[in-house]
Each structure stands twice: as structure tokens, then as C-alpha cells.
Amino acid sequence: AEHRYQQACKSLPREFKDIVTNVCCLDIDILKNVKGSSERQNTQQRVLLMALLRLGLVRLVEHYK
């Protein structure tokens, strides 16, 4: 199991790894602590985080095919 986990993590680019690990392994709400100087910034940050998560999950799906 440890080896499979390490291989899956290696399939993720560095930009996605922390976000995917936080959501999938640590069950952390990555949107909870978004704090920008305006609501527009908060929205942009949330959209970016969700896009990175989505791309990271796509990489995991490709890894497990």
C-alpha cells in the first residue's frame, strides 16, 4: 500500500500534490480558509484552488488507468 501511495504521489506534479493530498488524504477543506482582500479575490482564489484540484485528480485517474 505504501509503494502504491508513493507511486500515485509521484504521478502528480508538484503544483497539485499538496492540494490533492490535503483533500483526499487529510480531508481538509481547502476553500474554508480563503481570505482575500475582497470578495472578488476570494472567488478567484476558490476557482484557482478548484481548478488545481480538478487537474490533480485527472492526473490520478490517468495514473490508475
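How are helix 2 and helix 3 set relative to each other? The model is a predicted one.

**Entry 1: helix 2 against helix 3**

I looked up the packing of the pair and found an angle of about 85 degrees, with the axes 9 Å apart. Helix 2 and helix 3 are therefore roughly perpendicular to each other. I used both values because two packed helices are described by the angle between their axes and the distance between the axes.

Next I listed who takes part. From helix 2 come F16, I19, V20, V23 and C24. From helix 3 come L49, L52, L53, L55, G56, L57, R59 and L60. Sorted by class, this contact holds 11 nonpolar residues, one polar and one charged.

**Entry 2: the chain as a whole**

I stepped back to see where the pair sits. The chain has three helices and zero strands, and its elements run α-α-α from the N terminus on. I noted the extent of the C-alpha trace along its principal axes as about 45 × 20 × 15 Å.

What share of the chain's 65 residues is buried? I wrote down 22%. For contacts between residues at least 6 apart in sequence, I found that 53% join residues at least 24 apart.

**Entry 3: helix 1 against helix 3**

I turned to the other pair that involves helix 3. Helix 1 (residues 2-10) and helix 3 (residues 39-64) pack at about 125 degrees, and their axes are 9 Å apart. That angle makes helix 1 oblique to helix 3. I also noted the hand of this crossing, which is right-handed.

The residues that make the contact are R4, Q7 and A8 on the helix 1 side, and L60, H63 and Y64 on the helix 3 side. By class, I counted three nonpolar, two polar and one charged in this contact. L60 is listed here, and L60 is also listed in the contact of helix 2 with helix 3.

I then checked A8, which lies in helix 1. Is A8 buried or exposed? Its relative accessibility is 6%, so A8 counts as buried. Leaving aside neighbours within four places in sequence, A8 is in contact with L60, H63 and Y64. I also took the C-alpha separation of A8 and I19, which is 14 Å for two residues 11 apart along the chain.

**Entry 4: helix 3 by itself**

Does the length of helix 3 agree or disagree with its residue count? At 1.5 Å a residue, its 26 residues should span 38 Å, and the end C-alpha atoms are 37 Å apart, which agrees.

I looked up the buried residues of helix 3 and found N42, L53, G56 and L60. The buried residues of this helix pack against helix 1 and helix 2 (14-24).

I took N42 separately. N42 has a relative accessible area of 10% and so is buried. Not counting residues up to four places away in sequence, N42 touches V34, K35 and G36.

For contrast I looked at R54, also found in helix 3. R54 counts as exposed because its relative accessibility is 52%. From R54 to I19 the C-alpha distance is 9.8 Å, although the two are 35 residues apart in sequence.

Which residues of helix 2 are buried? I found F16, I19, V20 and T21. What covers the buried residues of helix 2 includes helix 1 and helix 3. F16, I19 and V20 are among the residues that meet helix 3.

T21 is at 17% relative accessibility, so T21 counts as buried, the cut-off being under 20%. Beyond neighbours within four places in sequence, T21 is in contact with Y5 and L26.

Last, I looked at the loop between helix 2 and helix 3, where I28 has its place. I28 is partly exposed, with a relative accessible area of 40%. Its contacts, leaving aside neighbours within four places in sequence, are N22 and V23.

Key. Residues are numbered from 1 along each chain as its sequence is written. This is a predicted model: local features need pLDDT of at least 70, side-chain atom pairs count only at pLDDT 80 or more; totals for chains, interfaces and linings use all residues. Side-chain values use heavy atoms; hydrogens and water are left out. Axes are lines fitted to C-alpha atoms, for helices over the stretch in contact, and angles run from 0 to 180 degrees between N-to-C directions. Helices (H or I, at least four residues) and strands (E, at least two) are DSSP runs, numbered from the N terminus. Angles under 35 degrees count as roughly parallel, over 145 as roughly antiparallel, 65 to 115 as roughly perpendicular and the rest as oblique. A crossing is left-handed if the near helix is turned anticlockwise from the far one by less than a right angle, and right-handed if clockwise. Contact means heavy atoms within 4.5 Å. Ala, Val, Leu, Ile, Met, Phe, Trp, Tyr, Cys and Pro count as nonpolar, Asp, Glu, Lys and Arg as charged, and the others, Gly among them, as polar. The expected span of a helix is 1.5 Å times one less than its number of residues. Buried means under 20% relative accessible area, exposed over 50%, partly exposed in between (1.4 Å probe, protein chains only).
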